[in-house]
Amino acid sequence: ERRFPAFLAGKYLTYENVVLQLHKRYAKEISNGKHPALRKILNRDIASSRLMTLCVSQVSMGNINSNGKHQDKFVNKTAVRLELTDGWYSVQASLDTTLTDFVKRRKIVVGTKLTTCNVFMNGAEDGIDPLDDAYISFGENCPILLDLTANATRLAKWDAKLGFVDSSMCPQYGLLRVKALPDIIPGGGNIPLIDLIICRRYPRLYVEEGADDRNDGTELDGRSKVLTEIQEETARKDFEKHRQKAIEKIHEQVRKDCEKDIDELTPEIWKNLVKCDSPQEFYERLSNREKMDVDRWRGKRSTLLQYRIRQEIEAEMECDDSLARVSTPFIRLRVNTCQFNRLLCDDGKTEHLGVCDDAILTIKRASEEQVSFL
């Protein structure tokens, strides 16, 4: 009636129709157990990352930071919030900077339908029932908050069906597809899906964090360097040698202290054995029980000594940054997307003009199996 008041005014928003809709909802949801999208998400029966279409039912424009800048990816959680509904239940949502700008420019208003995926739900880790009295769908005390990002959100048609999007209607693995590289919004969150053409694969490189001047790699920020595979192998071998020498030095330093501490717990028979001029003759003169005690302590002392030395070496290595090395492998790919724009010619025929955009894609810690597919 609000969309087409000239044709439908007074025909649908009537007492009889409202009661009929409530009766159908009771039969479907309570009797048949078929819940709408937001109730399944709020109950945590289904992941909030699924592709769905929701309608904006309220917009809250709060106060933004005094300096006008936002420190977080999601704008000051109280600045701009939306109440989204699936037609029956509603939930509060926070927006990133791009979607917040759309709200301020009135591209997103009350009644706008949004198709979104990869939504993260904050709060109520065990789920919550929207029919509970404690649940408030909008306001500062709302226990649930959905985080929407620009790259995973699109404006939907005015007549789009609310709720989860049927997989038959969206064959791209239930995700929103970004058509081209220029459509990606920097800082707009993860990209749900995009088709890329690999034009070139560059050799594998490594980023060594906390690198010093012993490598000839390309310096990034004063503490990190990019190394080739040959440089990485050389740096790894040099580091292993340096680390082994440091461990041997630490081992010599802590062994005497550890032996002194452990020897304070030794039995009297062991002390006499160590002090005598001929330990072998002293051992032969011992009784069988005393020999068993000596043998038992010898094994226990060796185990305790190894354990204490290992603990001391690990503690020293944790304190010494020079004994730790972090090297991250990565691969760079030159990729592009190709769009075909229709061009109307003078003779009335339509031609398709291909427009290509390229970019550098970086893949960190790619496995050998993944690299083989590239």
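Is D129 buried, partly exposed or exposed? D129 is partly exposed, with a relative accessible area of 22%. The views below come from a predicted model.

**View 1. R39 and D129 form a salt bridge.** The two side chains meet at 3.2 Å, N to O. R39 sits in helix α3 (residues 37-42). D129 lies in the loop between β5 (120-122) and β6 (145-148). The pair thus links distant parts of the chain, 90 residues apart. R39 is buried, with a relative accessible area of 7%. D129, at 22%, is partly exposed.

View 2. E233 is partly exposed at 34% relative accessibility. R236 is also partly exposed, at 35%.

**View 3. D358 and R334 connect two strands.** The closest N and O atoms of this salt bridge are 3.0 Å apart. D358 belongs to strand β16 (residues 350-364), and R334 to strand β15 (residues 326-344). The pair therefore ties together parts that are 24 residues apart in sequence. R334 counts as partly exposed, at 29% relative accessibility.

**View 4. A salt-bridge network joins R25, E29, R39 and D129.** Shared partners link these residues into one network. The R39 and D129 pair of View 1 belongs to this group. The structure as a whole holds 11 salt bridges.

**View 5. Strand β2 is largely enclosed by the rest of the structure.** β2 covers residues 80-85, and six of its six residues are buried. V80, L82 and L84 point one way from the strand. R81, E83 and T85 point the other way. In a regular strand, side chains alternate between the two faces of the sheet. Residues on both sides of β2 are buried.

**View 6. β2 pairs with β1 and with β3.** Strand β1 (residues 52-61) runs antiparallel to β2, joined by six bridges. C55 has T85 of β2 as its bridge partner. Strand β3 (residues 90-95) also pairs with β2 in the antiparallel sense, over five bridges. Here L84 has V91 of β3 as its bridge partner.

**View 7. β2 and β3 form a hairpin.** Four residues lie between the two strands. G87, in the turn, has a positive phi of about 105°.

How values were computed
Residues numbered from 1 in each chain as written. Predicted model: local features only at pLDDT ≥ 70, side-chain atom pairs only at ≥ 80, totals over all residues. Heavy atoms only, no water. Salt bridge = Lys/Arg side-chain N within 4 Å of Asp/Glu carboxyl O. Buried < 20%, exposed > 50% of the residue type's maximum accessible area, 1.4 Å probe, protein only. Pairing = 2+ DSSP bridges.
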